[in-house]
Amino acid sequence: QVQLVESGGGLVQAGGSLRLSCAASGRTFSSYAMGWFRQAPGKEREFVAAVSRSGGSTYYADSVKGRFTISRDNAKNTVYLQMNSLKPEDTAVYYCAAGGLVATIASRVVDYWGQGTQVTVSS
């Protein structure tokens, strides 16, 4: 069992930056690929980014490529999402996720979800 707790969300102006963190419980953190998803009101949850178990491989949705960076620290059982050049359309609840592979997470096959953290970008 893995528990995921997100933090770092908030209100930011367009063009600003935020860094989300996701702390994982348990000693098996490095056994999982990790990812971030987001869900805006009235919309389906969508994939944002994923990182491999070692942190050596990453994958991004086209909508965030070049603006967001996913990383992980296996010693701290934490995955991060650095979000730069934020846009109002990035407003959503952001969810941390754990799964088997980067490719499976990108395909929405997830073993564990966090509870989410709200990100609001004002214009």
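A disulfide is a pair of cysteine sulfur atoms within 2.5 Å. The structure shown here holds 1 such link. The model is predicted.

**View 1**
Along the sequence, the pattern reads β-β-β-β-β-β-β-β-β-α-β-β. The radius of gyration is 13 Å, close to the 14 Å that the globule rule gives for 123 residues, so the chain is as compact as a globular protein of that length. Its C-alpha trace spans about 40 × 25 × 25 Å along the principal axes. Of the 123 residues, 45% count as buried. Take the contacts with a separation of 6 or more: residues 24 or more positions apart account for 59% of them.

**View 2. The disulfide joins cysteine 22 to cysteine 96.**
The S to S distance is 2.1 Å. Cysteine 22 sits in strand S3 and cysteine 96 in strand S9. They are 74 residues apart, so the pair links distant parts of the chain. The angle about the S-S bond is -85°, and the link is left-handed. Are the two cysteines buried or exposed? Cysteine 22 is buried, and so is cysteine 96.

**View 3. An open sheet of 4 strands runs in the order S1-S3-S8-S7.**
The pairing in this sheet is antiparallel. Which strands stand at the edges? They are S1 and strand S7 (68–73). Each has a single partner strand, so one side of each is left without a neighbour in the sheet. Neighbouring strands of the sheet are turned by 15° against each other on average, direction ignored.

**View 4. Strand S1 (residues 4–7) has a covered face and an uncovered face.**
Leu4 and Glu6 make up the covered face. Val5 and Ser7 make up the uncovered one. In a regular strand the side chains alternate between the two faces of the sheet. S1 pairs with strand S3 (residues 18–24) in the antiparallel sense, over 4 bridges. Within this pairing, valine 5 stands opposite alanine 23.

**View 5. Strand S4 (residues 33–39) is mostly covered.**
Of its 7 residues, 6 are buried. S4 is joined to strand S9 (residues 92–99) by 7 bridges, and the two run antiparallel. Glutamine 39 has valine 93 as its bridge partner in S9. S4 is also joined to S5, by 5 bridges, again in the antiparallel sense. There, phenylalanine 37 stands opposite phenylalanine 47. S4 and S5 form a hairpin with 6 residues between them. Glycine 42 lies in the turn and has a positive phi of about 75°.

**View 6. The largest nonpolar core has 38 residues.**
Which residues touch the most other members? They are Leu4, Met34, Trp36, Val79, Leu81, Met83 and Tyr94. Eight named elements can be traced here: S3, S4, S5, S7, S8, S9, H1 and strand S11 (117–122) each give two or more residues to this core. In soluble globular proteins, nonpolar side chains tend to be buried together.

**View 7. Leucine 81 and its contacts outside its sequence neighbourhood.**
Neighbours within four places in sequence are left aside here. The contacts of leucine 81 then include Leu18, Arg19 and Leu20. Trp36, Val48 and Ala49 also touch leucine 81. So do Phe68, Thr69, Ile70 and Tyr94.

**View 8. Asparagine 77 has a positive phi of about 55° although it is not a glycine.**
Most residues other than glycine have a negative phi. Asparagine 77 is found in the loop between S7 and strand S8 (78–83). Its relative accessibility is 19%. Buried means under 20%, so asparagine 77 counts as buried.

**View 9. Arginine 108 also has a positive phi, near 70°.**
This residue, too, is not a glycine. Arginine 108 lies in the loop between helix H1 (102–106) and strand S10 (112–113). With a relative accessible area of 45%, arginine 108 is partly exposed.

**View 10. Glycine 55 lies in the loop between strand S5 (46–51) and strand S6 (58–60).**
Its relative accessible area is 31%, so glycine 55 is partly exposed. How far apart in space are glycine 55 and asparagine 74? They are 8.6 Å apart, C-alpha to C-alpha. In sequence, 19 residues separate them.

Conventions:
Residues are numbered from 1 along each chain as its sequence is written. This is a predicted model: local features need pLDDT of at least 70, side-chain atom pairs count only at pLDDT 80 or more; totals for chains, interfaces and linings use all residues. Side-chain values use heavy atoms; hydrogens and water are left out. Buried means under 20% relative accessible area, exposed over 50%, partly exposed in between (1.4 Å probe, protein chains only). Two strands pair if DSSP finds at least two bridges between them. Axes are lines fitted to C-alpha atoms, for helices over the stretch in contact, and angles run from 0 to 180 degrees between N-to-C directions. A nonpolar core is a set of buried Ala, Val, Leu, Ile, Met, Phe, Trp, Tyr and Cys residues joined through side-chain atoms within 4.5 Å. Contact means heavy atoms within 4.5 Å. The radius of gyration is taken over C-alpha atoms; the globule rule is 2.2 Å times the number of residues to the power 0.38.
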